[in-house]
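Trainee: I am new to this structure and would like to learn how to read it step by step. Could we look at it together?

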Amino acid sequence: MLRPPWPWRPWLPGLLVAGGLFVATAVAATTFRCDVDGKVAYADRPCPDGQPGRIVAPASLPSTSDSAAARERARSDQRALAAIDRERAAQQRDEREDVRRAARGA
């Protein structure tokens with residue numbers, strides 16, 4: 001069975017970078033932990049009506065070595081995806097050739 005190529009694959013590295021930037025910005029935002037009606041709620045503003053709560057410290061941003069390791073993993077993943085694409089293309093060529101041979105022999 002032939003599968004269609006993934007149309008979004010060329011944009012995968014850009015999507016990963018954009019997602020990483022989005023997460024980094026979200027982590028840097030101030031977060032408030034509020035106790036509302038006996039339940040814990042998190043918000044980007046102070047707790048309403050003077051309800052008890054506290055500021056949650058944001059997680060630290062990744063270190064330079066962590067960022068470099070993530071970039072290397074992304075490059076490695078790109079190479080692996082390219083190898084999978086080449087292998088899939090070769091299999092599809094082989095399957096098409098088998099179909100042609102079978103059609104000629106029938």
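Mentor: We will go through the fold, the surface, the disulfide, the strand pairing and the salt bridges in turn. Please keep in mind that this is a predicted model, in which local features need pLDDT of at least 70 and side-chain atom pairs count only at pLDDT 80 or more, while totals for chains, interfaces and linings use all residues. Residues are numbered from 1 along each chain as its sequence is written, and side-chain values use heavy atoms, with hydrogens and water left out.

Trainee: Which pattern does the protein chain follow along the sequence?

Mentor: Helices (H or I, at least four residues) and strands (E, at least two) are DSSP runs, numbered from the N terminus. In the protein chain there are two helices and three strands, and read along the sequence they give the pattern α-β-β-β-α.

Trainee: Which residues form a disulfide?

Mentor: A disulfide is a covalent bond between the sulfur atoms of two cysteines, and here the term is applied to a pair of cysteine sulfur atoms within 2.5 Å. The structure holds one disulfide, formed by Cys 34 and Cys 47, whose sulfur atoms are 2.1 Å apart. The link of Cys 34 and Cys 47 is left-handed, with -100 degrees about the S-S bond. This pair links distant parts of the chain, since Cys 34 lies in strand β1 (residues 31-36) and Cys 47 in the loop between β2 (39-43) and β3 (53-56), 13 residues apart.

Trainee: Are Cys 34 and Cys 47 buried or exposed?

Mentor: Both Cys 34 and Cys 47 are buried.

Trainee: How many bridges join β1 to β2?

Mentor: Two strands pair if DSSP finds at least two bridges between them. Strands β1 and β2 run antiparallel and are joined by five bridges, and Val 36 has Lys 39 as its bridge partner in β2. The hairpin of β1 and β2 has two residues between the strands, and there Asp 37 takes a positive phi near 50 degrees.

Trainee: How many salt bridges does a search of the whole structure find?

Mentor: Side chains of opposite charge can pair when their charged atoms come close. A salt bridge is a side-chain nitrogen of Lys or Arg within 4 Å of a carboxyl oxygen of Asp or Glu, and a search of the whole structure finds seven. One of them joins Arg 33 to Asp 35, with the closest N and O atoms 3.8 Å apart; Arg 33 is partly exposed at 23% relative accessible area, and Asp 35 is partly exposed at 33%.

Trainee: Where do Glu 97 and Arg 100 lie?

Mentor: Glu 97 and Arg 100 both lie in helix α2, three residues apart, about one turn of the helix, and their side chains meet in a salt bridge (3.3 Å, N to O). Salt bridges that share partners join Glu 97, Asp 98, Arg 100, Arg 101 and Arg 104 into one network. Arg 75 and Glu 72 also form a salt bridge, with the closest N and O atoms 3.2 Å apart, and these two residues are three apart in helix α2 (residues 64-105), separated by about one helical turn.

Terms used
Buried means under 20% relative accessible area, exposed over 50%, partly exposed in between (1.4 Å probe, protein chains only).
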